[in-house]
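Hi,

Here is the structure I promised to pass on. Have a look at it first, and my notes on salt bridges and one of the pockets follow below.

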Amino acid sequence: MEKIIVRGGRRLSGSVKVEGAKNAVLPVIAASLLASDGKSVIRDVPTLSDVYTINEVLRYLNADVTFKNNEVTVDASRELKVEAPFEYVRKMRASVLVMGSLLARNGRARVALPGGCAIGSRPIDQHLKGFEAMGATVKVGNGFIEAESNGRLHGAKIYLDFPSVGATENIMMAATLAQGTTIIENVAKEPEIVDLANFLNKMGAKVRGAGTGTIRIEGVDVLFGADHTIIPDRIEAGTFMVAAAITGGNVLVRGAVPEHLTSLIAKMEEMGVMFEEEADGLRVIGPEKLKAVDIKTMPHPGFPTDMQSQMMALLLHANGTSMITETVFENRFMHVEEFRRMNADIKIEGRSVILNGPCNLQGAEVAATDLRAAAALILTGLVADGVTRVTELKHLDRGYVDFHQKLAVLGADIERVSAVEETPSFPKAFVADLNA
Ligand SMILES: CC(=O)N[C@H]1[C@@H](OP(=O)(O)OP(=O)(O)OC[C@H]2O[C@@H](n3ccc(=O)[nH]c3=O)[C@H](O)[C@@H]2O)O[C@H](CO)[C@@H](O)[C@@H]1O
Ligand SMILES: C=C(OP(=O)(O)O)C(=O)O
(Lines give C-alpha, C1' and ligand atoms only; values in the text may rest on other atoms or scores of the structure.)
(Ligands and ions follow the chains in the order given, each with its own letter.)
Protein backbone atom coordinates (compact mmCIF):
# COMPACT_ATOMS: atom_id res chain seq x y z
CA MET A 1 0.00 0.00 0.00
CA GLU A 2 1.25 3.47 -0.86
CA LYS A 3 0.89 6.71 1.06
CA ILE A 4 1.24 10.39 0.36
CA ILE A 5 3.08 12.15 3.15
CA VAL A 6 2.56 15.91 3.52
CA ARG A 7 4.19 18.26 6.00
CA GLY A 8 2.09 21.40 6.36
CA GLY A 9 3.15 25.02 6.41
CA ARG A 10 4.47 25.96 2.96
CA ARG A 11 2.93 28.70 0.78
CA LEU A 12 2.56 27.54 -2.83
CA SER A 13 3.83 29.59 -5.76
CA GLY A 14 4.69 29.14 -9.44
CA SER A 15 2.58 27.58 -12.17
CA VAL A 16 0.88 24.26 -12.79
CA LYS A 17 -0.57 22.81 -16.01
CA VAL A 18 -4.02 21.23 -16.08
CA GLU A 19 -4.54 17.91 -17.92
CA GLY A 20 -7.37 16.98 -20.29
CA ALA A 21 -10.65 16.39 -18.43
CA LYS A 22 -11.33 12.87 -17.11
CA ASN A 23 -15.08 13.41 -17.33
CA ALA A 24 -14.83 14.52 -20.95
CA VAL A 25 -12.40 11.89 -22.20
CA LEU A 26 -14.33 8.87 -20.86
CA PRO A 27 -17.55 9.58 -22.83
CA VAL A 28 -15.53 10.65 -25.89
CA ILE A 29 -13.66 7.32 -25.91
CA ALA A 30 -16.99 5.50 -25.46
CA ALA A 31 -18.44 7.52 -28.39
CA SER A 32 -15.55 6.51 -30.65
CA LEU A 33 -17.21 3.06 -30.78
CA LEU A 34 -19.92 4.63 -32.98
CA ALA A 35 -17.52 4.98 -35.94
CA SER A 36 -17.87 1.99 -38.25
CA ASP A 37 -15.46 3.67 -40.66
CA GLY A 38 -12.07 5.31 -39.97
CA LYS A 39 -9.92 5.90 -36.89
CA SER A 40 -10.51 8.42 -34.10
CA VAL A 41 -7.58 10.34 -32.67
CA ILE A 42 -8.22 11.80 -29.22
CA ARG A 43 -5.64 14.28 -27.92
CA ASP A 44 -4.69 15.69 -24.49
CA VAL A 45 -5.73 12.45 -22.84
CA PRO A 46 -4.57 12.25 -19.19
CA THR A 47 -2.68 9.14 -17.99
CA LEU A 48 -5.32 8.18 -15.42
CA SER A 49 -6.29 4.69 -14.28
CA ASP A 50 -9.86 5.39 -15.51
CA VAL A 51 -8.52 5.99 -19.02
CA TYR A 52 -6.64 2.68 -18.94
CA THR A 53 -9.86 1.00 -17.81
CA ILE A 54 -12.07 2.45 -20.57
CA ASN A 55 -9.39 1.53 -23.13
CA GLU A 56 -9.49 -2.04 -21.80
CA VAL A 57 -13.27 -2.09 -22.13
CA LEU A 58 -13.00 -1.00 -25.78
CA ARG A 59 -10.34 -3.63 -26.51
CA TYR A 60 -12.55 -6.28 -24.91
CA LEU A 61 -15.35 -5.13 -27.23
CA ASN A 62 -13.03 -5.76 -30.22
CA ALA A 63 -11.90 -2.21 -30.98
CA ASP A 64 -8.25 -1.53 -31.74
CA VAL A 65 -6.94 1.01 -29.18
CA THR A 66 -3.51 2.58 -28.66
CA PHE A 67 -2.48 5.08 -25.98
CA LYS A 68 0.81 6.94 -26.43
CA ASN A 69 2.00 10.48 -25.63
CA ASN A 70 -1.39 11.54 -24.28
CA GLU A 71 -3.07 10.44 -27.50
CA VAL A 72 -5.64 7.67 -27.80
CA THR A 73 -6.44 6.21 -31.22
CA VAL A 74 -9.49 4.00 -31.68
CA ASP A 75 -10.36 1.87 -34.69
CA ALA A 76 -13.84 0.45 -34.07
CA SER A 77 -14.50 -0.58 -37.66
CA ARG A 78 -14.56 -4.35 -36.94
CA GLU A 79 -17.71 -6.06 -35.69
CA LEU A 80 -18.11 -5.25 -31.99
CA LYS A 81 -19.02 -7.54 -29.10
CA VAL A 82 -22.06 -6.52 -27.09
CA GLU A 83 -21.03 -7.12 -23.48
CA ALA A 84 -19.12 -5.07 -20.88
CA PRO A 85 -18.41 -7.47 -17.97
CA PHE A 86 -18.49 -6.67 -14.23
CA GLU A 87 -14.68 -6.68 -13.82
CA TYR A 88 -14.56 -3.37 -15.74
CA VAL A 89 -17.78 -1.80 -14.48
CA ARG A 90 -16.74 -2.58 -10.88
CA LYS A 91 -13.46 -0.71 -11.40
CA MET A 92 -15.15 2.25 -13.01
CA ARG A 93 -18.85 3.11 -13.20
CA ALA A 94 -18.34 5.21 -16.33
CA SER A 95 -18.01 1.86 -18.21
CA VAL A 96 -21.83 2.03 -18.55
CA LEU A 97 -21.22 4.82 -21.07
CA VAL A 98 -20.46 2.23 -23.77
CA MET A 99 -24.09 1.11 -23.62
CA GLY A 100 -25.54 3.87 -25.87
CA SER A 101 -22.87 3.35 -28.54
CA LEU A 102 -23.19 -0.45 -28.52
CA LEU A 103 -26.97 -0.32 -28.73
CA ALA A 104 -26.80 2.11 -31.66
CA ARG A 105 -24.10 0.12 -33.50
CA ASN A 106 -25.23 -3.46 -32.75
CA GLY A 107 -28.89 -3.19 -31.82
CA ARG A 108 -27.91 -4.89 -28.56
CA ALA A 109 -25.88 -4.10 -25.46
CA ARG A 110 -25.28 -6.07 -22.27
CA VAL A 111 -23.54 -4.23 -19.44
CA ALA A 112 -22.96 -5.41 -15.85
CA LEU A 113 -25.11 -3.51 -13.34
CA PRO A 114 -22.84 -0.91 -11.76
CA GLY A 115 -24.26 -1.11 -8.21
CA GLY A 116 -23.59 1.56 -5.58
CA CYS A 117 -20.37 3.32 -4.76
CA ALA A 118 -18.86 5.39 -1.94
CA ILE A 119 -20.86 8.50 -2.85
CA GLY A 120 -24.35 7.04 -3.25
CA SER A 121 -26.52 4.37 -4.89
CA ARG A 122 -26.23 5.96 -8.37
CA PRO A 123 -29.04 4.28 -10.33
CA ILE A 124 -29.12 4.47 -14.15
CA ASP A 125 -32.90 4.46 -14.62
CA GLN A 126 -32.82 7.69 -16.67
CA HIS A 127 -30.34 6.17 -19.18
CA LEU A 128 -32.64 3.15 -19.58
CA LYS A 129 -35.80 5.25 -19.87
CA GLY A 130 -34.15 7.04 -22.81
CA PHE A 131 -33.21 3.77 -24.57
CA GLU A 132 -36.75 2.46 -24.11
CA ALA A 133 -38.26 5.65 -25.55
CA MET A 134 -36.10 5.06 -28.65
CA GLY A 135 -37.57 1.59 -29.11
CA ALA A 136 -35.24 -0.67 -27.11
CA THR A 137 -36.44 -3.38 -24.77
CA VAL A 138 -34.57 -3.29 -21.49
CA LYS A 139 -34.23 -6.29 -19.17
CA VAL A 140 -32.37 -6.54 -15.90
CA GLY A 141 -31.25 -9.94 -14.61
CA ASN A 142 -28.27 -11.97 -13.36
CA GLY A 143 -26.39 -8.80 -12.54
CA PHE A 144 -26.65 -7.44 -16.09
CA ILE A 145 -28.75 -4.87 -17.93
CA GLU A 146 -29.57 -5.89 -21.45
CA ALA A 147 -31.01 -3.53 -24.04
CA GLU A 148 -32.11 -4.72 -27.44
CA SER A 149 -33.81 -3.05 -30.37
CA ASN A 150 -35.71 -4.69 -33.15
CA GLY A 151 -33.83 -3.05 -36.03
CA ARG A 152 -32.64 0.53 -35.80
CA LEU A 153 -33.48 2.76 -32.78
CA HIS A 154 -35.97 5.51 -33.59
CA GLY A 155 -36.06 9.19 -32.64
CA ALA A 156 -38.06 10.11 -29.53
CA LYS A 157 -38.93 12.93 -27.17
CA ILE A 158 -37.31 12.25 -23.78
CA TYR A 159 -37.63 14.27 -20.57
CA LEU A 160 -35.01 13.56 -17.89
CA ASP A 161 -36.32 13.70 -14.29
CA PHE A 162 -32.91 15.07 -13.24
CA PRO A 163 -30.22 16.59 -15.51
CA SER A 164 -28.02 13.48 -15.23
CA VAL A 165 -24.63 13.84 -16.92
CA GLY A 166 -24.31 10.13 -17.75
CA ALA A 167 -27.91 9.76 -18.97
CA THR A 168 -27.55 12.82 -21.21
CA GLU A 169 -24.34 11.37 -22.70
CA ASN A 170 -25.59 7.80 -23.13
CA ILE A 171 -28.85 8.90 -24.78
CA MET A 172 -27.03 11.41 -27.02
CA MET A 173 -24.71 8.66 -28.25
CA ALA A 174 -27.57 6.21 -28.90
CA ALA A 175 -29.60 8.87 -30.74
CA THR A 176 -26.85 9.77 -33.23
CA LEU A 177 -27.51 6.64 -35.33
CA ALA A 178 -31.30 6.42 -34.70
CA GLN A 179 -33.86 6.87 -37.42
CA GLY A 180 -35.38 10.34 -37.09
CA THR A 181 -35.02 13.12 -34.55
CA THR A 182 -34.52 12.80 -30.80
CA ILE A 183 -35.24 15.69 -28.46
CA ILE A 184 -33.91 15.35 -24.90
CA GLU A 185 -35.23 17.82 -22.35
CA ASN A 186 -33.91 18.83 -18.92
CA VAL A 187 -30.45 17.65 -19.96
CA ALA A 188 -27.13 18.24 -18.16
CA LYS A 189 -25.33 21.42 -19.31
CA GLU A 190 -21.80 20.56 -18.14
CA PRO A 191 -18.86 21.61 -20.38
CA GLU A 192 -18.13 17.87 -20.82
CA ILE A 193 -21.52 17.47 -22.56
CA VAL A 194 -20.55 20.21 -25.01
CA ASP A 195 -17.18 18.51 -25.61
CA LEU A 196 -18.92 15.21 -26.36
CA ALA A 197 -21.37 16.93 -28.75
CA ASN A 198 -18.46 18.58 -30.56
CA PHE A 199 -16.73 15.20 -30.99
CA LEU A 200 -19.95 13.53 -32.21
CA ASN A 201 -20.50 16.33 -34.74
CA LYS A 202 -16.93 15.90 -36.03
CA MET A 203 -17.81 12.20 -36.52
CA GLY A 204 -20.73 13.24 -38.76
CA ALA A 205 -23.53 13.39 -36.17
CA LYS A 206 -26.11 16.18 -36.05
CA VAL A 207 -26.31 17.30 -32.42
CA ARG A 208 -27.61 20.78 -31.56
CA GLY A 209 -28.22 22.56 -28.25
CA ALA A 210 -25.47 21.00 -26.08
CA GLY A 211 -24.85 23.37 -23.16
CA THR A 212 -28.54 24.38 -23.03
CA GLY A 213 -31.43 22.54 -21.35
CA THR A 214 -32.62 20.86 -24.57
CA ILE A 215 -30.57 18.78 -27.00
CA ARG A 216 -31.84 17.88 -30.46
CA ILE A 217 -30.24 15.05 -32.42
CA GLU A 218 -31.06 14.20 -36.01
CA GLY A 219 -30.07 10.60 -36.61
CA VAL A 220 -27.62 9.77 -39.43
CA ASP A 221 -26.85 6.46 -41.19
CA VAL A 222 -23.15 6.21 -40.44
CA LEU A 223 -20.44 7.86 -38.31
CA PHE A 224 -16.72 8.17 -39.04
CA GLY A 225 -13.59 8.36 -36.90
CA ALA A 226 -12.65 11.96 -35.99
CA ASP A 227 -9.78 13.99 -34.53
CA HIS A 228 -10.53 15.72 -31.24
CA THR A 229 -8.69 17.52 -28.43
CA ILE A 230 -10.19 17.11 -24.95
CA ILE A 231 -11.07 20.22 -22.91
CA PRO A 232 -8.99 21.05 -19.81
CA ASP A 233 -10.08 19.43 -16.55
CA ARG A 234 -12.06 22.05 -14.61
CA ILE A 235 -12.06 19.91 -11.44
CA GLU A 236 -8.29 19.44 -11.48
CA ALA A 237 -7.99 23.21 -12.11
CA GLY A 238 -10.36 23.88 -9.21
CA THR A 239 -8.34 21.60 -6.95
CA PHE A 240 -5.14 23.58 -7.64
CA MET A 241 -7.09 26.84 -7.13
CA VAL A 242 -7.94 25.59 -3.64
CA ALA A 243 -4.31 24.52 -3.07
CA ALA A 244 -3.16 28.07 -3.83
CA ALA A 245 -5.88 29.66 -1.68
CA ILE A 246 -5.51 27.41 1.36
CA THR A 247 -1.77 28.10 1.63
CA GLY A 248 -2.13 31.86 1.07
CA GLY A 249 -0.10 31.28 -2.09
CA ASN A 250 0.14 32.77 -5.59
CA VAL A 251 -0.26 30.19 -8.36
CA LEU A 252 -0.94 30.38 -12.10
CA VAL A 253 -3.25 27.50 -13.06
CA ARG A 254 -2.38 27.06 -16.73
CA GLY A 255 -5.19 25.84 -18.97
CA ALA A 256 -7.97 26.74 -16.51
CA VAL A 257 -11.01 28.00 -18.44
CA PRO A 258 -12.74 30.68 -16.28
CA GLU A 259 -16.13 30.18 -18.05
CA HIS A 260 -16.11 26.54 -16.86
CA LEU A 261 -15.40 27.63 -13.29
CA THR A 262 -17.85 30.50 -12.71
CA SER A 263 -19.55 29.17 -9.57
CA LEU A 264 -16.28 28.12 -7.94
CA ILE A 265 -14.56 31.44 -8.70
CA ALA A 266 -17.59 33.33 -7.32
CA LYS A 267 -17.54 31.37 -4.05
CA MET A 268 -13.78 31.68 -3.64
CA GLU A 269 -14.02 35.44 -4.30
CA GLU A 270 -16.65 35.66 -1.53
CA MET A 271 -14.04 34.01 0.69
CA GLY A 272 -11.50 36.71 -0.15
CA VAL A 273 -9.46 34.87 -2.80
CA MET A 274 -8.26 37.05 -5.72
CA PHE A 275 -8.12 36.01 -9.39
CA GLU A 276 -6.35 37.45 -12.41
CA GLU A 277 -7.05 36.13 -15.89
CA GLU A 278 -3.81 35.70 -17.85
CA ALA A 279 -3.23 34.68 -21.45
CA ASP A 280 -2.60 31.01 -20.63
CA GLY A 281 -4.65 30.54 -17.46
CA LEU A 282 -5.93 31.86 -14.19
CA ARG A 283 -3.76 33.32 -11.42
CA VAL A 284 -5.01 32.58 -7.90
CA ILE A 285 -3.88 34.69 -4.96
CA GLY A 286 -4.79 33.49 -1.48
CA PRO A 287 -5.56 36.08 1.23
CA GLU A 288 -4.05 36.12 4.73
CA LYS A 289 -7.50 35.31 6.18
CA LEU A 290 -10.29 33.39 4.45
CA LYS A 291 -13.97 34.18 5.11
CA ALA A 292 -16.62 31.50 5.77
CA VAL A 293 -19.34 30.97 3.11
CA ASP A 294 -22.27 28.61 2.51
CA ILE A 295 -22.27 26.26 -0.48
CA LYS A 296 -24.93 24.13 -2.13
CA THR A 297 -23.93 21.66 -4.84
CA MET A 298 -26.10 21.71 -7.97
CA PRO A 299 -25.96 20.54 -11.58
CA HIS A 300 -23.93 22.87 -13.85
CA PRO A 301 -23.79 25.89 -13.88
CA GLY A 302 -24.38 25.44 -10.13
CA PHE A 303 -21.58 24.58 -7.73
CA PRO A 304 -19.99 21.23 -8.77
CA THR A 305 -20.32 18.28 -6.38
CA ASP A 306 -16.85 17.19 -7.57
CA MET A 307 -15.41 20.28 -5.79
CA GLN A 308 -17.40 19.79 -2.57
CA SER A 309 -14.75 17.98 -0.51
CA GLN A 310 -11.90 20.26 -1.65
CA MET A 311 -13.98 23.31 -0.66
CA MET A 312 -14.66 21.64 2.68
CA ALA A 313 -10.90 21.58 3.21
CA LEU A 314 -10.71 25.29 2.37
CA LEU A 315 -13.62 26.19 4.68
CA LEU A 316 -12.03 24.32 7.60
CA HIS A 317 -9.27 26.89 7.29
CA ALA A 318 -11.63 29.92 7.00
CA ASN A 319 -12.87 32.24 9.75
CA GLY A 320 -16.44 31.56 10.87
CA THR A 321 -19.23 29.02 10.49
CA SER A 322 -19.99 27.55 7.05
CA MET A 323 -22.65 25.19 5.77
CA ILE A 324 -22.20 22.86 2.79
CA THR A 325 -25.32 21.22 1.36
CA GLU A 326 -24.93 18.29 -1.03
CA THR A 327 -27.94 17.94 -3.36
CA VAL A 328 -26.45 15.89 -6.22
CA PHE A 329 -25.35 12.70 -4.43
CA GLU A 330 -27.11 11.19 -1.44
CA ASN A 331 -24.02 10.14 0.49
CA ARG A 332 -21.01 12.27 -0.43
CA PHE A 333 -19.81 13.06 3.09
CA MET A 334 -17.66 10.00 3.82
CA HIS A 335 -14.60 12.25 4.09
CA VAL A 336 -16.06 14.12 7.08
CA GLU A 337 -14.89 11.40 9.51
CA GLU A 338 -11.38 11.61 8.05
CA PHE A 339 -11.34 15.41 8.48
CA ARG A 340 -12.35 14.83 12.12
CA ARG A 341 -9.22 12.73 12.57
CA MET A 342 -7.36 15.91 11.61
CA ASN A 343 -9.16 17.81 14.42
CA ALA A 344 -11.85 19.42 12.25
CA ASP A 345 -14.85 20.93 14.07
CA ILE A 346 -17.50 19.54 11.74
CA LYS A 347 -20.86 17.78 11.96
CA ILE A 348 -23.32 16.28 9.51
CA GLU A 349 -26.97 17.35 9.68
CA GLY A 350 -29.02 15.52 7.05
CA ARG A 351 -27.75 16.56 3.62
CA SER A 352 -25.66 19.38 5.09
CA VAL A 353 -22.40 19.75 6.94
CA ILE A 354 -21.79 22.54 9.45
CA LEU A 355 -18.21 23.49 10.14
CA ASN A 356 -16.58 26.03 12.41
CA GLY A 357 -13.27 27.47 11.28
CA PRO A 358 -10.50 28.12 11.47
CA CYS A 359 -9.82 24.67 12.91
CA ASN A 360 -6.55 23.88 14.55
CA LEU A 361 -5.86 21.24 11.91
CA GLN A 362 -3.44 18.51 12.90
CA GLY A 363 -1.60 15.97 10.78
CA ALA A 364 -2.89 12.39 11.08
CA GLU A 365 -3.06 9.13 9.13
CA VAL A 366 -6.23 9.34 7.00
CA ALA A 367 -7.78 7.21 4.25
CA ALA A 368 -9.21 8.54 0.99
CA THR A 369 -12.85 7.49 0.65
CA ASP A 370 -13.28 8.59 -2.98
CA LEU A 371 -11.22 10.41 -5.55
CA ARG A 372 -12.06 14.01 -4.60
CA ALA A 373 -11.78 13.13 -0.89
CA ALA A 374 -8.22 11.96 -1.62
CA ALA A 375 -7.34 15.38 -3.04
CA ALA A 376 -9.15 17.20 -0.21
CA LEU A 377 -7.25 15.34 2.51
CA ILE A 378 -3.94 16.17 0.82
CA LEU A 379 -4.99 19.84 0.56
CA THR A 380 -5.78 19.82 4.30
CA GLY A 381 -2.36 18.33 4.95
CA LEU A 382 -0.80 21.40 3.28
CA VAL A 383 -1.92 23.55 6.24
CA ALA A 384 -2.15 21.02 9.08
CA ASP A 385 0.29 21.09 11.93
CA GLY A 386 2.77 18.21 11.56
CA VAL A 387 2.66 15.24 9.23
CA THR A 388 -0.39 13.94 7.32
CA ARG A 389 -0.32 10.50 5.75
CA VAL A 390 -3.01 9.76 3.15
CA THR A 391 -3.71 6.14 2.12
CA GLU A 392 -6.08 4.48 -0.42
CA LEU A 393 -4.38 6.28 -3.30
CA LYS A 394 -6.12 4.15 -5.93
CA HIS A 395 -8.92 6.71 -5.68
CA LEU A 396 -6.52 9.60 -6.36
CA ASP A 397 -5.03 7.86 -9.41
CA ARG A 398 -8.49 7.64 -11.02
CA GLY A 399 -8.62 11.41 -11.41
CA TYR A 400 -5.25 13.13 -10.88
CA VAL A 401 -2.00 12.74 -12.81
CA ASP A 402 1.16 13.12 -10.67
CA PHE A 403 -0.75 15.11 -8.06
CA HIS A 404 1.99 15.08 -5.41
CA GLN A 405 4.69 15.95 -7.93
CA LYS A 406 2.72 18.94 -9.23
CA LEU A 407 2.26 20.17 -5.64
CA ALA A 408 5.95 19.58 -4.90
CA VAL A 409 6.91 21.75 -7.90
CA LEU A 410 4.72 24.50 -6.40
CA GLY A 411 6.74 24.23 -3.17
CA ALA A 412 4.78 21.75 -1.04
CA ASP A 413 6.67 19.41 1.28
CA ILE A 414 5.15 16.20 -0.07
CA GLU A 415 6.22 12.74 -1.19
CA ARG A 416 4.65 9.46 -2.25
CA VAL A 417 6.06 6.35 -0.64
CA SER A 418 5.32 2.68 -0.28
CA ALA A 419 3.73 2.14 3.15
CA VAL A 420 6.08 -0.60 4.32
CA GLU A 421 9.38 1.10 3.71
CA GLU A 422 8.23 4.70 3.45
CA THR A 423 10.69 5.12 0.59
CA PRO A 424 9.93 7.18 -2.54
CA SER A 425 8.06 5.35 -5.31
CA PHE A 426 6.27 6.30 -8.51
CA PRO A 427 2.50 6.26 -8.98
CA LYS A 428 1.03 4.10 -11.76
CA ALA A 429 -0.12 7.19 -13.61
CA PHE A 430 3.53 8.31 -13.87
CA VAL A 431 4.63 5.24 -15.79
CA ALA A 432 4.43 6.32 -19.41
CA ASP A 433 1.98 4.46 -21.59
CA LEU A 434 1.38 1.16 -19.80
CA ASN A 435 -0.61 -0.02 -22.78
CA ALA A 436 1.80 0.82 -25.57
C1 LIG B 1 -17.58 10.13 -15.40
C2 LIG B 1 -18.35 11.35 -15.03
O3 LIG B 1 -18.60 12.21 -15.85
N4 LIG B 1 -18.69 11.45 -13.76
C5 LIG B 1 -19.40 12.63 -13.31
C6 LIG B 1 -20.88 12.45 -13.61
O7 LIG B 1 -21.31 11.27 -12.97
P8 LIG B 1 -22.73 10.64 -13.35
O9 LIG B 1 -22.95 10.76 -14.80
O10 LIG B 1 -22.80 9.29 -12.73
O11 LIG B 1 -23.70 11.63 -12.56
P12 LIG B 1 -25.23 11.93 -12.82
O13 LIG B 1 -25.35 13.36 -13.21
O14 LIG B 1 -25.80 10.90 -13.71
O15 LIG B 1 -25.82 11.72 -11.37
C16 LIG B 1 -26.32 12.76 -10.59
C17 LIG B 1 -27.41 12.23 -9.67
O18 LIG B 1 -28.48 11.69 -10.44
C19 LIG B 1 -28.80 10.39 -10.01
N20 LIG B 1 -29.23 9.60 -11.17
C21 LIG B 1 -28.44 9.57 -12.29
C22 LIG B 1 -28.80 8.83 -13.38
C23 LIG B 1 -29.99 8.09 -13.34
O24 LIG B 1 -30.38 7.39 -14.28
N25 LIG B 1 -30.74 8.14 -12.21
C26 LIG B 1 -30.39 8.88 -11.12
O27 LIG B 1 -31.09 8.90 -10.11
C28 LIG B 1 -27.49 9.89 -9.40
O29 LIG B 1 -27.73 8.85 -8.49
C30 LIG B 1 -26.96 11.13 -8.73
O31 LIG B 1 -27.55 11.30 -7.46
O32 LIG B 1 -21.58 13.60 -13.14
C33 LIG B 1 -21.50 13.78 -11.71
C34 LIG B 1 -22.38 14.96 -11.34
O35 LIG B 1 -21.86 16.14 -11.82
C36 LIG B 1 -20.05 13.96 -11.30
O37 LIG B 1 -19.98 14.00 -9.89
C38 LIG B 1 -19.19 12.83 -11.81
O39 LIG B 1 -17.83 13.14 -11.62
C1 LIG C 1 -17.43 11.13 -8.89
C2 LIG C 1 -16.49 11.27 -9.82
O3 LIG C 1 -16.26 10.43 -10.85
P4 LIG C 1 -17.07 9.10 -11.27
O5 LIG C 1 -18.41 9.51 -11.74
O6 LIG C 1 -16.24 8.58 -12.40
O7 LIG C 1 -17.12 8.20 -10.07
C8 LIG C 1 -15.54 12.43 -9.82
O9 LIG C 1 -14.87 12.64 -10.86
O10 LIG C 1 -15.44 13.13 -8.79
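Let me start with Arg 416, which forms a salt bridge with Glu 2, their closest N and O atoms being 2.9 Å apart. (I call it a salt bridge when a side-chain nitrogen of Lys or Arg is within 4 Å of a carboxyl oxygen of Asp or Glu.) This one links distant parts of the chain: Arg 416 sits in strand 26 (residues 413-418) and Glu 2 in strand 1 (residues 2-7), 414 residues apart. Helices (H or I, at least four residues) and strands (E, at least two) are DSSP runs numbered from the N terminus. Arg 416 is buried at 3% relative accessible area, while Glu 2 is partly exposed at 24%; buried means under 20%, exposed over 50% and partly exposed in between, with a 1.4 Å probe and protein chains only.

Before you go further, the ground rules. This is a predicted model, so local features need pLDDT of at least 70 and side-chain atom pairs count only at pLDDT 80 or more, whereas totals for chains, interfaces and linings use all residues. Residues are numbered from 1 along each chain as its sequence is written, chains are lettered from A and ligands numbered from 1 in the order in which they are written, and side-chain values use heavy atoms, without hydrogens and water.

Back to the pairs: the whole structure has 27 salt bridges. Asp 227 and Arg 43 meet at 2.6 Å, N to O. They are 184 residues apart, with Asp 227 in strand 16 (residues 227-229) and Arg 43 in strand 4 (residues 39-43). Asp 227 is partly exposed at 39%, and Arg 43 is partly exposed at 29%.

Then there is the salt bridge between Arg 332 and Asp 370, at 3.6 Å. Arg 332 is buried at 6%, and Asp 370 is buried at 10%. Shared partners also join Arg 7, Arg 10, Asp 413 and Glu 415 into one salt-bridge network.

Finally, the second largest pocket has a volume of about 160 Å³. (A pocket is an open set of points on a 1 Å grid over the protein atoms alone, where a 1.4 Å probe fits, with protein on both sides within 12 Å along at least five of seven lines; lining residues have an atom within 4 Å of a point.) Its lining includes Lys 17, Glu 19, Asp 44 and Asn 70, and divides into six nonpolar, three polar and three charged residues, with Gly counted as polar.

Cheers

Definitions and conventions:
Points joined across faces, edges and corners; volume = space filled by probe spheres on them.
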